[in-house]
There are 2 protein chains.
Amino acid sequence: MTDDAHGTAIRVERPAKTLRELALDKVREAILNGYFRPGDRLVERDLCAQLGVSRTIVREVLRHLESEGLVANLPNKGPIVAQLNHDEAKQIYEIRGALEGMAARLCAEQRNPAIADALDKSLEDIRNSYRDKDMAGVLAHTSSFYQTLFSMVDRHIAWGVVNLLTVRINHLRSMTIKTQNRDVQGPVQMARIVDAIRRGDGEGAYQAAMQHVASASAIAQAVLSGRQPID
Amino acid sequence: MTDDAHGTAIRVERPAKTLRELALDKVREAILNGYFRPGDRLVERDLCAQLGVSRTIVREVLRHLESEGLVANLPNKGPIVAQLNHDEAKQIYEIRGALEGMAARLCAEQRNPAIADALDKSLEDIRNSYRDKDMAGVLAHTSSFYQTLFSMVDRHIAWGVVNLLTVRINHLRSMTIKTQNRDVQGPVQMARIVDAIRRGDGEGAYQAAMQHVASASAIAQAVLSGRQPID
DNA sequence: TACCATATTATGGCCTACCAAGATTATGCA
DNA sequence: TGCATAATCTTGGTAGGCCATAATATGGTA
């Protein structure tokens, strides 16, 4: 009661994540950073030992990652780290294009200068990270750029979908941003999105966002084919 | 060995779903058909008793449904059936529009008459179901229509996303298809999609698909506001 | 030696029982 | 009546065990 009367503005953000959430993050992270490789078996009892938690937790975590698409469950064999093929990667980029394009269009139609300003800030962070060869930073700030795109027009569900799909192509992302010229081309393409938004040009923003994803997809396909992109 | 030598053509499709999958389907179905209403608490031990399975299973099922967005987990209170507000429903329809529009465009660009034929067949099923006042059939065949749209161009990931989002607005779907004139308007709009695909008109197919979802969304908003649509 | 049938092991699916901690409700006393 | 304390409910988490199946090792026989 008294608490409610005082509002919840300064409520401390409970760091009290459950053990399950902690374990989930750990395992997801382990898959994303390559500690577990695609195709690796994820033996429940081994994970219990490695994580120091009970099987209950491990099983829930595996189920969760399964629904995220990071883990596949072979019948009568058990869970393995999911493998992504060319085609699926392409489909994921395509979906991102559709949704990010949609969000970009909505941002442009909002005619709110604060949006473009916020995006510019993320873009600046990305450029700095490229300059410092901080590739983890590039990824993080790129995510932040897109999160801004979605959250500025209150599309948190679409952002959730994009985010969910993005983790599955995480390793591709880290490879595409390292390819030749991407440090220049990437930001240039993203700046086009911001420009269109600032102009209030919905269709232009849509096209620019689509094009950015399309070029990332092309690079990813090249990487997956084992050859470097022609550029 | 001998089995493999004979191929796998007649392999029996394992009905051997795990207990967990069975329970998952049961609970999901119970939520979708309204046995559990939005906001209802889902007490683990009660579910154990009702389903006749252990807490292990129930917990995994609840986690899974949580990641599907059908169940929400209140900290220190436990899981409840997720409630969908206006805005989220609108967002989901919007995403469906973007993805179904994308799929429709791809179908049109395929220039394969078989696609339009297959869609026409689903459309016929929908009309028949409407005629017989078989609303469950309408929903099923509508899903089948869209599944065709995605699977004909091998976009199973996008279909998965649409499917995932669709269960969350299931109750809205059953209400929208029952509104006045929807039995005529719905099929007419879908026929426009098929026509555009048959003509190879990608942009037209995209627009038609978007429009179909948009009108469903508008009806849903009206239903959510408590009033019937003006039509 | 080659081969087949039988243990053994590894592992997932599933269960019961238990404890701790937080929230809620009941209870009893001043 | 009002407040503090106790009982209860429920989830988070643990431990350990049972069973079924698949893969692997083992050993005996032709």
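The model is predicted.

## The A–B interface

The size of an interface is often given as the accessible area lost when the parts come together. Here, chain B and chain A bury about 2500 Å² between them. Carbon and sulfur atoms carry 57% of that area. Each chain brings 29 residues to the contact.

Polar links also cross the interface. There are 15 residue pairs in polar contact, both residues at pLDDT 80 or more. Six salt bridges span chain B and chain A. One of them joins B:Arg59 to A:Glu60, with the closest N and O atoms 2.7 Å apart.

## Chain B's side of the contact

Three helices of chain B give two or more residues each: H4 (55–68), H5 (86–110) and H8 (156–168). H5(B) gives the most, with eleven residues. By class, this side has eleven nonpolar, six polar and twelve charged residues.

## DNA strand C

The protein places 22 residues around DNA strand C. A:Arg45, A:Arg55, B:Leu19, B:Ser54 and B:Ile57 come nearest.

The side chain of A:Arg45 has an N or O atom 2.7 Å from a base nitrogen. For the side chain of A:Arg55, the corresponding distance to a base nitrogen is 2.9 Å. B:Leu19 uses a polar backbone atom, 2.4 Å from a phosphate oxygen.

Chain A supplies two or more residues each from H3 (44–51), H4 (55–68) and strand S2 (78–81). The surface near DNA strand C has six nonpolar, five polar and eleven charged residues.

Notes: Residues are numbered from 1 along each chain as its sequence is written. Chains are lettered from A and ligands numbered from 1 in the order in which they are written. This is a predicted model: local features need pLDDT of at least 70, side-chain atom pairs count only at pLDDT 80 or more; totals for chains, interfaces and linings use all residues. Side-chain values use heavy atoms; hydrogens and water are left out. Contact means heavy atoms within 4.5 Å. Buried area is the accessible area (1.4 Å probe) that two parts lose on being put together, summed over both. A salt bridge is a side-chain nitrogen of Lys or Arg within 4 Å of a carboxyl oxygen of Asp or Glu. A polar contact is a pair of N or O atoms within 3.5 Å; within protein, one must be able to donate a hydrogen and the other to accept it, and residues adjacent in sequence count only if both atoms are side-chain atoms. Helices (H or I, at least four residues) and strands (E, at least two) are DSSP runs, numbered from the N terminus. Ala, Val, Leu, Ile, Met, Phe, Trp, Tyr, Cys and Pro count as nonpolar, Asp, Glu, Lys and Arg as charged, and the others, Gly among them, as polar. A residue is near a molecule or strand if one of its heavy atoms lies within 4 Å of it.
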